[in-house]
Amino acid sequence: MTTTTIPSKRLEEMSITLPILAEPVGAYVPALRAGNLVYTSGQLPMQAGQLTKVGKVPTEVSLEDAQTAARQAVLNAIAAAAQAAGGIDNISQVVRLNCFVNSAGGFTDQAKVANGASELLQAIFGQAGRHTRCAIGAAELPLNTPVELDLIVEVQVSP
């Protein structure tokens, strides 16, 4: 890996600090490692214990604000995955992103919302940030959040 593709260095170059993981509010863990894969629980766009936005897209939350919310949610997911992986630099590939968008009737640009997260993953991980994805409209999401997402990442196997 070159310096620009080391995820921790890319975060530093982008002036991004991974958030501290929020305590789960239910009977689950933020992330779980199974073999060389880490699965995250659904992550909301929480910052300092508060949702960054609430409401349906695009009637209460603009497309641009929903993309920003997706970026925050994916930072939370990366933090959870990194903790389970033993550090962000142990993540060798982002495999899958599932993005759920709290959609107003007739809204069909869920993929554009998910791009907020996808583009950040690629900026942080380079080629290893390219992933498969689902972008799904939902009638309601927890806490009236505009977006919830989860990740599956591959972790380097120790020799």
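Reader: Into how many nonpolar, polar and charged residues does the lining of the largest pocket divide?

Author: A pocket here is an open set of points on a 1 Å grid over the protein atoms alone, where a 1.4 Å probe fits, with protein on both sides within 12 Å along at least five of seven lines, and lining residues have an atom within 4 Å of a point. Ala, Val, Leu, Ile, Met, Phe, Trp, Tyr, Cys and Pro count as nonpolar, Asp, Glu, Lys and Arg as charged, and the others, Gly among them, as polar. On that basis the lining divides into 16 nonpolar, 7 polar and 2 charged residues.

Reader: Which pLDDT cut-offs apply to local features and to side-chain atom pairs?

Author: Residues are numbered from 1 along each chain as its sequence is written, and side-chain values use heavy atoms, with hydrogens and water left out. This is a predicted model in which totals for chains, interfaces and linings use all residues, whereas local features need pLDDT of at least 70 and side-chain atom pairs count only at pLDDT 80 or more.

Reader: Which element supplies the largest share of the lining of the largest pocket?

Author: The largest pocket holds about 550 Å³ of space, a volume being the space filled by probe spheres set on grid points that are joined across faces, edges and corners. Its lining has 25 residues, of which Ala-22, Glu-23, Gln-43, Leu-44 and Met-46 lie nearest the centre. Helices (H or I, at least four residues) and strands (E, at least two) are DSSP runs numbered from the N terminus, and the largest share of the lining, 4 residues, comes from H2.

Reader: Is Met-46 buried, exposed or partly exposed?

Author: Met-46 is placed in strand S3 and, leaving aside neighbours within four places in sequence, is in contact (heavy atoms within 4.5 Å) with Leu-51, Gln-72 and Asn-76. Buried means under 20% relative accessible area and exposed over 50%, with partly exposed in between (1.4 Å probe, protein chains only). Because its relative accessible area is 24%, Met-46 is partly exposed.

Reader: What is the order of the strands in the open sheet, and which are its edge strands?

Author: Two strands pair if DSSP finds at least two bridges between them, and the open sheet of 5 strands, with mixed pairing, has the order S1-S2-S7-S5-S6. The strands that pair on one side only, and hence form the edges, are S1 (31–34) and S6 (132–138).

Reader: How many bridges join S5 to S7?

Author: S7 is largely enclosed by the rest of the structure, because 8 of its 9 residues are buried. S2 and S7 pair in the antiparallel sense over 3 bridges, and the bridge partner of Leu-37 in S7 is Glu-154. Leu-97 stands opposite Leu-151 in S7. Strand S5 (residues 91–102) and strand S7 (residues 147–155) run antiparallel, and the number of bridges joining them is 9.

Reader: What angle does the direction of H3 make with that of S5?

Author: Axes are lines fitted to C-alpha atoms, for helices over the stretch in contact, and angles run from 0 to 180 degrees between N-to-C directions. Helix H2 (residues 63–85) lies across S1, S2, S5 and S7, running at about 35° to S7. Helix H3 (residues 110–125) packs on the sheet, touching S5, S6 and S7, and its direction makes with that of S5 an angle of about 160°.
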